[in-house]
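How do the two chains of this model meet, and how are they related to each other? The report below takes up these points in turn.

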Protein chains: 2
Amino acid sequence: MQFGLFGGARTKRGTGLEDSQGYESFIDYVIEADRLGFKHLFMVEHHFTGQGQVSASMTVLAYLAARTTRIRLGTAVVVLPWHNPVLVAEQVATLDLLSGGRVDLGVGKGYRQAEFDGFCIPMAEASERFDEAMEVIRKGWTAHEESASGRFSHHGKRWHYDDIVVEPAPLQRPHPPLWLAAGSPDSIRRAARDGYNLLLDQLAQTDQIGRRIALFREECGKAGRAWDANMVATARPLQMIHGEAERAAAWATRKRVVGVIGDLARDALPARIEDDTAPLLGTPDEVIARLRELEALGATNILLVDPNASVANLQAFAREVMPAFAATRQQSIVPLAGTDRGDRGENSTETLRKLRDEWER
Amino acid sequence: MQFGLFGGARTKRGTGLEDSQGYESFIDYVIEADRLGFKHLFMVEHHFTGQGQVSASMTVLAYLAARTTRIRLGTAVVVLPWHNPVLVAEQVATLDLLSGGRVDLGVGKGYRQAEFDGFCIPMAEASERFDEAMEVIRKGWTAHEESASGRFSHHGKRWHYDDIVVEPAPLQRPHPPLWLAAGSPDSIRRAARDGYNLLLDQLAQTDQIGRRIALFREECGKAGRAWDANMVATARPLQMIHGEAERAAAWATRKRVVGVIGDLARDALPARIEDDTAPLLGTPDEVIARLRELEALGATNILLVDPNASVANLQAFAREVMPAFAATRQQSIVPLAGTDRGDRGENSTETLRKLRDEWER
């Protein structure tokens, strides 16, 4: 098991000072996570929210690159339809250099109507804009592998470039890992086929997580991609409690959060909020038990979602939960490449058990 | 007098490792400049050069914001025709927050044909694209002053936005200082009229610098702008020598540099390279003398241009030149606001002498 963060600064938009404090506390949170051994940060990017969500994610991540040493710096996600793809490729490559190769590039086509309206871009164009942008970004990086000059041209529907080179080249070759948030079988198949890693959302239930990972693994096998358990990252809300008195309030908070973001759920949520298996909600022992269920399903790369970005919650998790997984943590970063070509039809959990046995022998 | 830097990382493009080293040495250079009391960094941004010039300037400056404490972080320049202006406004405001209000935004319409060709944007559209982008960027920031929501719309020739808000708001209100590189009388008048600070280029001769500052000051007066000597920054190549044996080689280097960048000169260069008054070329005493000439003309905010970004050169300058100006350095950061309304017709040098006298009394 390995643990990371999913989230971002959020400020009450208003005076610059308030905005600044929102960013500062988020930065402190990430620095502490780095110190505690968290492996990933995936930071959201949104525009025009009125709630001070991070809009310039590469700018914030570049600052964090200088303040941290080990944690990987991810976007979740850069919505490509708003961006000139060559400028994205330059920014990501620059961040990759500055961070010593710690970048994970999460990309998306966007889902918030208000953002499309703000940019005056029809949502109906999202997919074709995404596809063209990814084509340009990949070309910009892989051109360095194909010729000494790294130059290429692109003439598409929205973007035109003549004889350009994306500088600098990223440190990770040919480029940083690409991540796609996906939930439906079709989108998971596409992520596997097109070489993406998989971000699983914070609302999906435990059994859904298991099914999605199994499908993704199967499809990666079909696409000839070597399997590594860390090609999937699973966002899970963290709401640890330390006594029964806190439980009702925690579920009430959960209910409120689901009310706000529930429209994003890709599958039906349980009728009774207390049956919701998505959050890591409970005492440390209960959180450990929930994580063991996820681990058994292959979800060994967990991104904690704490909307308060609380350093205290992070420290409590590191103290009370992470030690239970210390023995298996090393294992999860061993690439499992080349070991699953014959396992395609097998149950994902069973496969992982076998691999673990092999490792421990 | 105060001193800063003008330049940027430049790498032999190739393997990621080489690129990375180019950035690392530039970062060390800026960190040392911050330690030595340099006031400004103005960093260039270019695309598709094949020489590894910085392309993602805000990303690099955000990293530097975390590694420095006092030096101001400037762009020189963001070429607006390539950028979605709202994304620029978001990035700059984010950098301003992260740096504690240390951002200077230099903007330009672009001058390199190869960049326009690369982006497939006709150079003939540069001015209108620049104008529209600046309109959007200014709106994005000043809208925070005009309503609690900070929301606005824009429907122009190239860009459309509906009911958006640029988040975060910058820390410097209403926005970071805007800088324009200008040399011709018309462009200097425009910079003064439109509220820009003035970047003077590294090729202009000392007497040209004096005339440009005098004109800018006069035009700022006409526009009702309070005068501050630090509204002008003058780029000067640094080529300090420590013995006659080095002089010929220094002029040879100068000749080569002018050969490469001379096409950018806005005025005729001297026929004999040794008559070129632009570089700070000579022994420490000669460099001090050249700086005293500039100081007398009102050029009290000098940006050193050292294409090698050499820490040793920086330290030598700080040790051998800066102490000569220690007495006047404090003075130059005192805003001269409100003192020049009656001086418009006067000789700029004379005016500055009077002000200095007033200050020293």
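Predicted model: local features only at pLDDT ≥ 70, side-chain atom pairs only at ≥ 80, totals over all residues.

## Extent of the interface

On chain A, 58 residues are in contact with chain B, and 58 residues of chain B take part in turn. Together the two chains bury about 4300 Å² between them. Carbon and sulfur atoms account for 60% of that buried area.

## Polar interactions and makeup

Between chain A and chain B the count of salt bridges is 0. Polar contacts are found across the interface, in 16 residue pairs with both residues at pLDDT 80 or more.

Several elements of chain A each supply at least two residues of the side that touches chain B. They are the helices α1 (16-36), α2 (57-67), α3 (85-98) and α4 (113-119), together with the strand β7 (160-164). Sorted by class, this side of chain A has 27 nonpolar, 22 polar and 9 charged residues.

## Symmetry

Which residue of chain A comes closest to the rotation axis? That residue is A:Y63, whose C-alpha lies at 2.2 Å from the axis.

The interface residues of the two chains also correspond: 100% of those in chain A are interface residues in chain B as well, so the copies meet through the same surface.

Note on methods. Residues numbered from 1 in each chain as written. Chains lettered and ligands numbered in written order. Heavy atoms only, no water. Contact = heavy atoms within 4.5 Å. Buried area = accessible area lost by both parts, 1.4 Å probe. Salt bridge = Lys/Arg side-chain N within 4 Å of Asp/Glu carboxyl O. Polar contact = N/O pair within 3.5 Å; in protein donor to acceptor, adjacent residues only side chain to side chain. Helix = DSSP H or I, 4+ residues; strand = E, 2+ residues; numbered from the N terminus. Nonpolar A, V, L, I, M, F, W, Y, C, P; charged D, E, K, R; others polar. Least-squares fit on C-alpha atoms with pLDDT ≥ 70 in both.
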